[in-house]
Amino acid sequence: METTHVYTWGAENGGKLGNGIIGTGFTDEPQNVLIGASTPLSDITSIAAGHVHTLALDTQNRVWGWGSNDTKQLGSNDKTEIKEYAEIIPLGVTEKVIKIA
């Protein structure tokens, strides 16, 4: 199976790019979404984006999220308002996730 990566570009505020940068600028160059400081997010089957957050579903049916979580839009009760890197979202469900929107 071919490894796939997720790329983002645009405004750097609110962790929207998922690459660890939280700034006030913009980038028009594609940036890898990262897990931690150096591992690219990979094997993603679908993506759903909001205004300041993004969710991604991987081939193992895990949901990843990054960006703003100020109104819990990432589905996490974590009190951290900004996720600057992609993180697995603990959904608290036992069913397999097959789609995100």
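This is a predicted model: local features need pLDDT of at least 70, side-chain atom pairs count only at pLDDT 80 or more; totals for chains, interfaces and linings use all residues.

Colleague: Why is Ile-82 called partly exposed?

Modeller: Its relative accessible area is 31%. That value falls between the 20% and 50% cut-offs, so Ile-82 is partly exposed. You'll find Ile-82 in strand S8, which covers residues 82-88.

Colleague: Which residues does Ile-82 contact, leaving aside neighbours within four places in sequence?

Modeller: Those are Gly-14, Gly-15, Ile-22 and Gly-67. To count as a contact, heavy atoms have to be within 4.5 Å. As for Asn-13, 69 residues separate it from Ile-82 in sequence, while their C-alpha atoms are 9.6 Å apart in space.

Colleague: What makes Arg-62 and Asp-58 a salt bridge?

Modeller: The closest N and O atoms of the two are 2.8 Å apart. The cut-off is 4 Å between a side-chain nitrogen of Lys or Arg and a carboxyl oxygen of Asp or Glu, so the pair qualifies. In general, side chains of opposite charge can pair when their charged atoms come close.

Colleague: How many salt bridges are there by that rule?

Modeller: Two. The other links Glu-87 and Lys-83, with an N to O distance of 3.5 Å. That is again within 4 Å, so the label holds.

Colleague: Are the partners in these bridges buried or exposed, or something in between?

Modeller: Arg-62, at 31%, is partly exposed, whereas Asp-58, at 3%, is under the 20% limit and therefore buried.

Colleague: What makes Thr-8 buried?

Modeller: Its relative accessible area is 12%, and because that is under 20%, Thr-8 goes in the buried class. Thr-8 sits in strand S1, residues 7-11. Its side chain reaches the backbone oxygen of Leu-17 at 2.7 Å. Beyond four places in sequence, Thr-8 touches several residues, among them Glu-29, Pro-30 and Trp-66.

Colleague: Which residues lie nearest the centre of the largest pocket?

Modeller: Thr-8 turns up again, along with Trp-9, Lys-16, Leu-17 and Thr-54, out of 15 lining residues. S1, strand S5 (44-49) and strand S6 (53-58) are the elements giving two or more residues to that lining. The largest share, four residues, comes from S1. The pocket holds about 160 Å³ of space, and its lining divides into nine nonpolar residues, five polar and one charged.

Colleague: How do you know that Ser-38 is exposed?

Modeller: Ser-38 has a relative accessible area of 60%. Look for Ser-38 in the loop between strand S3 (34-35) and strand S4 (39-40).

Colleague: And why is Asn-69 put in its accessibility class?

Modeller: Asn-69 comes out at 0%, which is under 20%, so Asn-69 is buried. Asn-69 lies in the loop between strand S7 (63-68) and S8. A polar atom of its side chain is 3.1 Å from the backbone nitrogen of Leu-74. Setting aside neighbours within four places in sequence, the residues in contact with Asn-69 include Gly-75, Asp-78 and Glu-81.

Technical notes. Residues are numbered from 1 along each chain as its sequence is written. Side-chain values use heavy atoms; hydrogens and water are left out. Buried means under 20% relative accessible area, exposed over 50%, partly exposed in between (1.4 Å probe, protein chains only). A polar contact is a pair of N or O atoms within 3.5 Å; within protein, one must be able to donate a hydrogen and the other to accept it, and residues adjacent in sequence count only if both atoms are side-chain atoms. On a 1 Å grid over the protein atoms alone, a cavity is a set of points where a 1.4 Å probe fits but cannot get out, and a pocket is an open set with protein on both sides within 12 Å along at least five of seven lines; lining residues have an atom within 4 Å of a point. Grid points are joined across faces, edges and corners, and a volume is the space filled by probe spheres set on the points. Ala, Val, Leu, Ile, Met, Phe, Trp, Tyr, Cys and Pro count as nonpolar, Asp, Glu, Lys and Arg as charged, and the others, Gly among them, as polar.
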